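This briefing sets out selected features of a single protein chain, grouped by topic. Please read it alongside the sequence and coordinates shown here.

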Amino acid sequence: MQDVIIVGGSYAAMAAALQLLRARRSVLIVDAGQRRNRFASHSHGFLGQDGVDPAAIWANSRAQVMKYPTVTWLDRTAVELTGSIDDFTLHVEGGAAHQARRVLLATGVSDSLPEVPGMAERWGQNIFHCPYCHGYELNLGQIGVIATGANSIHQAQLLPEWGPTTFLLNGATTLDAAQRADLAARGVTIEETPIREITGAADVVLTDGRVLSFAGLFTAPKANVNGGPALLAGAATEETPFGIQIRTDQGKATNIPGLFACGDGARVPHSLSLAVADGAWAGANIHRSLVFS
């Protein structure tokens with residue numbers, strides 16, 4: 001019987017584990033090995049790690065966590081969570097089962113990208129979702145924002161801070177007169193011709209044959225929490241402008257006693273810095289729940 005099982009092995013998960021391990025609690029981390037930012041070669045905006053390869057940040061963090069004697073790391077995919085507070089059972093691929101008094105879901109999210117040919121291959125390299133993470137490196141060059149819905153106007157309004165911006169509607173949204181006037185006042189160019197494909201580094205080929213070249217592209221994919229009903233074990237979810245996430249209270253507890261959630265799957269907005277902070281807070285609150293139960 002572990003004190004805590006953490007489902008997920010990325011930044012929020014390890015930040016939570018660190019708090020628990022330093023309280024000398026036994027922790028099992030079950031990691032499927034699918035970091036959300038695995039496509040990016042540099043991480044920006046994270047104090048002390050600005051510009052570092054996120055894979056290196058992950059590896060260094062894991063090495064630090066694994067120095068503690070009460071941690072166990074299992075490279076497996078979690079498939080089902082059953083039980084209740086003080087007696088949870090996590091089932092993993094291959095049929096093994098593990099017990100714990102508390103469980104933390106730090107499973108992260110999966111991005112659902114617009115169905116534009118060439119986008120998936122450039123995701124995290126030339127196409128991004130967060131200007132605070134990737135905008136500065138575009139050096140005030142031309143920026144394209146590819147709409148995914150009505151909420152994309154927020155991106156189009158924000159991105160001119162990082163360079164001249166074109167808002168590519170791509171049939172995903174329409175703009176009223178007030179929105180058009182607002183974008184014009186910000187210097188945003190509106191492009192209504194649909195996109196045929198993305199080529200080169202960040203060249204957008206329109207259906208009329210024109211090619212628009214950009215220093216980088218931004219879009220707002222829907223991000224849905226990983227795991228599915230069997231793993232969420234009845235935890236309530238909620239719709240956000242970014243997608244579906246697990247609902248938690250201020251202490252990162254779900255509606256299921258003893259079950260907590262943190263990271264991109266349980267908060268918005270998303271960034272490495274915010275995920276680490278969320279995980280650290282979850283870990284501290286889980287420890288308190290063990291002490292004061």
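Predicted model: local features only at pLDDT ≥ 70, side-chain atom pairs only at ≥ 80, totals over all residues.

**Helix packing and local geometry**

In helix α1, Tyr-11, Ala-12, Ala-15, Ala-16, Gln-19 and Leu-20 meet a set of residues in helix α8, namely Leu-272, Ala-275, Val-276, Gly-279, Ala-280, Gly-283, Ala-284, Ile-286 and His-287. The residues of this contact divide into 11 nonpolar, 4 polar and no charged.

**Packing of α1 against α8**

- Two packed helices are described by the angle between their axes and by the distance between those axes.
- For α1 (residues 11-22) and α8 (residues 272-291), the angle is about 35 degrees, and the axes lie 7 Å apart.
- The crossing in which α1 passes α8 is right-handed.
- An α-helix has 3.6 residues a turn, so residues three or four places apart point the same way.
- Among the α1 residues that meet α8 are Ala-12, Ala-15 and Ala-16, and among their partners in α8 are Gly-279 and Gly-283.

**Aromatic pairs**

- A search of the whole structure finds 3 aromatic pairs.
- One of them joins Trp-58 and Trp-73 in an edge-to-face arrangement, at 6.0 Å centre to centre and with 80 degrees between the planes.
- This pair links distant parts of the chain, with Trp-58 in helix α2 (residues 54-65) and Trp-73 in strand β3 (residues 71-74), 15 residues apart.
- Trp-58 is partly exposed, because its relative accessible area is 21%, whereas Trp-73 counts as buried because its relative accessibility is 11%; the cut-off for burial is under 20%.
- Tyr-132 and Trp-162 form another edge-to-face pair, at 5.2 Å centre to centre and with 90 degrees between the planes.
- Here too the pair links distant parts of the chain: Tyr-132 belongs to helix α4 (residues 131-134), and Trp-162 to the loop between α5 (152-158) and β10 (165-168), 30 residues apart.
- Tyr-132 is exposed, with a relative accessible area of 59%, while Trp-162 has a relative accessibility of 15% and therefore counts as buried.

**The loop between β19 and α8**

- His-270 is located in the loop between β19 (259-261) and α8.
- With a relative accessibility of 7%, His-270 counts as buried.
- A polar atom of the His-270 side chain lies 3.0 Å from the backbone oxygen of Asp-264.
- The backbone oxygen of Arg-267 lies 2.9 Å from a polar atom of the His-270 side chain.
- When neighbours within four places in sequence are left aside, His-270 is in contact with Arg-36, His-129, Ala-223, Phe-242 and Asp-264.

**The segment after α8**

- Ser-293 lies in the segment after α8 and counts as exposed, at 60% relative accessibility.
- The backbone oxygen of Leu-290 is 3.4 Å from a polar atom of the Ser-293 side chain.
- Apart from neighbours within four places in sequence, Ser-293 is in contact with Arg-101 and Arg-102.
- The C-alpha atoms of Ser-293 and Pro-194 are separated by 57 Å, and these residues are 99 residues apart along the chain.

**Helix α6 and positive phi values**

- At the start of helix α6 (residues 177-185), a side-chain oxygen of Asp-176 comes to within 3.2 Å of the backbone nitrogen of Ala-178.
- Just after α6, Gly-187 has a positive phi of about 80 degrees.
- Asp-86 is not a glycine, yet its phi is positive, at about 75 degrees.
- Asp-86 is placed in the loop between β4 (78-84) and β5 (87-92), and this residue is partly exposed, with a relative accessible area of 34%.
- Asn-170, likewise not a glycine, has a positive phi of about 50 degrees and is found in the loop between β10 and α6.

Technical notes:
Residues numbered from 1 in each chain as written. Heavy atoms only, no water. Axes fitted to C-alpha atoms, helices over the stretch in contact; angles between N-to-C directions. Helix = DSSP H or I, 4+ residues; strand = E, 2+ residues; numbered from the N terminus. Left-handed = near helix turned anticlockwise from the far one by under 90°. Contact = heavy atoms within 4.5 Å. Nonpolar A, V, L, I, M, F, W, Y, C, P; charged D, E, K, R; others polar. Polar contact = N/O pair within 3.5 Å; in protein donor to acceptor, adjacent residues only side chain to side chain. Phe/Tyr/Trp six-rings, centres within 6.5 Å; stacked < 30°, edge-to-face > 60°. Buried < 20%, exposed > 50% of the residue type's maximum accessible area, 1.4 Å probe, protein only.
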